[in-house]
Amino acid sequence: MPRPVLLVIAHGSRDPRHAATVHALVRRVRALRPGVRVETGFLDFNIPSVSGVLESLAAEGVRDVVALPLLLTRAFHAKSDIPAVLSEAPARLRIRQAEVLGPSPLLTAALERRLYEAGLSPADKSSTGVVLASAGSTDPEAIAVIAEIAREWRRTGWCAVRPAFASASLPRTGDAVRELRALGCARVAVAPYVLAPGFLPDRIARGAAEADVLADVLGASPEVARVLLQRYDAARTPALTAVGA
């Protein structure tokens, strides 16, 4: 029996760096799992669209698809936009929507590795405060998840970890940086909890102007690719309800 096609669903952006990063991540996923067909669709701004990819797959005779939201939290896009698009897919397709990527210990490991790539070392942890900077959301569940990630990450030895948001929620990155300074952390680092460059990650970077270290976005890191495949494998199990089946 053929494995389901993995359809990675990205938000899309007018910023060309976004799509380039998504495609780089998908290439890494393909390299890790060459036996799985991986396609990419965008909700907005970029092509191919999610609906266009689904139409093409159905026309080819594909039956099973795992639709994976390239999102870090279960907010509006995962709860509303993506299910709406999938519900309009060709009837012949059996589509399972996978869980979003976060939270995951692998993503926390990727955040930490990005900080080390930016100049920190494990010896700096106890004297360094970290701002966990996400895009932001009006969804209380998404905000609570970010706060919990910060609490759990703090327990691994950092001086302190504070969540911050580029939009919709408070505090902003700059305010969190100043809070960590006031706490007495010897240095402050900003770790963007975002997948790809774009408008909101640029806002995070501007808010990190007073920090000592600014890490890169998660991007096409191997940890993110591994989480993608974990979510794909979990969605293949019969226990999950199919969309449009």
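The model is predicted, with a mean pLDDT of 95 for the chain and 97% of its residues at 70 or more. The chain holds eight helices and eight strands, and buried residues make up 50% of its 245 residues.

**Overall form and confidence**

- The C-alpha trace spans about 60 × 30 × 30 Å along the principal axes of the chain.
- Of the contacts in the chain with a separation of 6 or more, 78% are accounted for by residues 24 or more positions apart.
- The accessible surface of the chain amounts to about 10900 Å², and carbon and sulfur atoms contribute 55% of that surface.
- Over residues 239-245 the pLDDT stays under 50, and for this stretch the model has 15 contacts beyond four places in sequence.

- Strand β5 covers residues 128-134, and because seven of its seven residues are buried, the strand is largely enclosed by the rest of the structure.
- In a regular strand, side chains alternate between the two faces of the sheet.
- Both faces of β5 are covered, with Thr 128, Val 130, Leu 132 and Ser 134 buried on one side, and Gly 129, Val 131 and Ala 133 buried on the other.
- Strand β7, which comprises residues 187-192, runs parallel to β5 and is joined to it by six bridges; within this pairing, Arg 187 of β7 is the bridge partner of Thr 128.
- Strand β6, made up of residues 160-165, also pairs with β5 in the parallel sense, over six bridges, and here Gly 129 stands opposite Ala 160 of β6.

**The loop between β2 and α2**

- This loop connects β2 (38-42) with α2 (50-60) and contains Pro 48, whose peptide bond from Ile 47 is cis, with omega near 0°.
- Phe 45 also lies in the loop between β2 and α2, and although Phe 45 is not a glycine, its phi is positive, at about 70°.
- Phe 45 has a relative accessibility of 40%, so this residue counts as partly exposed.

**The loop between β6 and α6**

- Pro 171 is placed in the loop between β6 and α6 (173-183), and the peptide bond that joins Leu 170 to Pro 171 is cis, with omega about 5°.
- Ala 168 is found in the loop between β6 and α6 as well, and Ala 168 has a positive phi of about 70° despite not being a glycine.
- With a relative accessibility of 53%, Ala 168 counts as exposed, because the cut-off for that class is over 50%.

Methods. Residues are numbered from 1 along each chain as its sequence is written. This is a predicted model: local features need pLDDT of at least 70, side-chain atom pairs count only at pLDDT 80 or more; totals for chains, interfaces and linings use all residues. Side-chain values use heavy atoms; hydrogens and water are left out. Buried means under 20% relative accessible area, exposed over 50%, partly exposed in between (1.4 Å probe, protein chains only). Helices (H or I, at least four residues) and strands (E, at least two) are DSSP runs, numbered from the N terminus. Two strands pair if DSSP finds at least two bridges between them. Contact means heavy atoms within 4.5 Å. Accessible areas come from the Shrake-Rupley method with a 1.4 Å probe; for residues, only the protein chains shown count as cover. pLDDT is the predictor's confidence in each residue, from 0 to 100.
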